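Please look at the chain below and follow how its parts are packed and joined.

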Amino acid sequence: MASPAANLKVNGARLWDSLMEMAKIGPGVAGGNNRQTLTDADGEARHLFKTWCIAAGATIGVDKMGSIFAQIPGTDPQAAPVYIGSHLDTQPTGGKFDGVYGVLAGLEVLRSIKDLGIKTRHPIVVTNWTNEEGSRFAPAMLASGVFAGIHDLDYAYDRRDADGLRFGDELARIGWIGEEEVGARKIHAMFELHIEQGPILEAEELDIGVVTHCQGLWWLQVTLLGKDAHTGSTPMLMRRNTGLGMARMIELVQTIAMEAQPGAVGGVGQINVYPNSRNVIPGKSVFTIDFRTADPAKLAAMRARFEDEAPAIADALGLSIEIEPVGHVDPVTFDPTLVERVRAAAARLGYDHKDMISGAGHDACWISKVAPTAMIFCPCVDGLSHNEAEEITPDWATKGTDVLLHAVLETAIITA
């Protein structure tokens, strides 16, 4: 199979202009974006993306989850398409690049193919997956999850936001319920280009992250019950203090993660204490633990160790404890053949690169359940993401998209 020539590159200035134009839709309060899924701003962004794709020669399909599929034909009408996918929705205080970079880089691939008159055997499709962020309607990666059979359509339509508004109703309101059955499309392969959302590439002055795996996770919700009591008049040895128990368990989470190195993380992100009064010893504390690693055995061991050791902490303080699993994703190993094409493309183009593991979830994780999938990372400033100050450079954006173009064309097979 012939590889694309090393001088084959995208129009970086056009890509950057598109990113900045899209960023005008759903502006945030501090320079980023608030374009949450199924809002009016999301609808406007979808229309702009559709207009651009049609101008690039693509035909548009939309499924019943509102995911958009922009397709250019291949020379073999029987060949399944090569997909490029990410998302246009953002966090409430999101940046201009998380998700949208991967979608508009896919558009730039279509534009470059048109400009250069390239023909491929397989069709190529650029996808905007609905509700990747999950910030308005939980869970995250919802549409790709329905596509992969993780969730069913009724479950997705019945998700509600903080105001009680229903996902299915809001999708209809903005006019983006399509006719296609979700998951009916055939996928030859899928690539997702994304900002790293971490500091490694920038710190090591690298251009490209070749993503080999995505971490699995366990989310555990811990509920401790003790006894509310006055902080001033209750002797220290007579307290049943759930706040103290929680503090010792947070330290346990840190210890477990550090002793599981390398390649493992753990932390406590959500904490609620009751009655949450400054002069009352908390009689109830509820907190969530997030363990992540790409090693399935290590992930299971981290959860098991916490569940084994935390009850002893509770017992020593006179507390009851309940540990409830509230989220789980198996680690993902991306397709070795596609990963090697990404690695080879970066080398061919002369871009410094390294193999990486994604610490965050992406649509590619669910699609990997039904089709060969790979991911590409570009650096982001200070590793900052899910923040309005999120930033990348035009050079980083261009190099990531060059690698995407090469990997896609090698997979879609350039024809004479």
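Ile 392 touches Trp 16, Phe 97, Tyr 101, Ile 195, Cys 378, Pro 379, Cys 380 and Ala 397, leaving aside residues up to four places away in sequence, where contact means heavy atoms within 4.5 Å. Together with Tyr 101 and Leu 104, Ile 392 touches the most other members of the largest nonpolar core, which has 99 residues. Such a core is a set of buried Ala, Val, Leu, Ile, Met, Phe, Trp, Tyr and Cys residues joined through side-chain atoms within 4.5 Å, and buried means under 20% relative accessible area with a 1.4 Å probe, protein chains only. Apart from it lies another core of 23 residues, including Ile 256 and Leu 299.

This is a predicted model, in which local features need pLDDT of at least 70 and side-chain atom pairs count only at pLDDT 80 or more, while totals for chains, interfaces and linings use all residues. Residues are numbered from 1 along each chain as its sequence is written, and side-chain values use heavy atoms, without hydrogens and water.

The domain assignment, which is automatic or from a database, gives the two parts tabulated here.

| Domain | Residues |
|---|---|
| domain 1 | 12-214 + 331-415 |
| domain 2 | 216-329 |

Taken over C-alpha atoms, the centres of domain 1 and domain 2 are 36 Å apart, and the contact takes eight residues from domain 1 and eight residues from domain 2. The area buried between them, meaning the accessible area (1.4 Å probe) that two parts lose on being put together, summed over both, is about 510 Å².

How values were computed:
Buried < 20%, exposed > 50% of the residue type's maximum accessible area, 1.4 Å probe, protein only.
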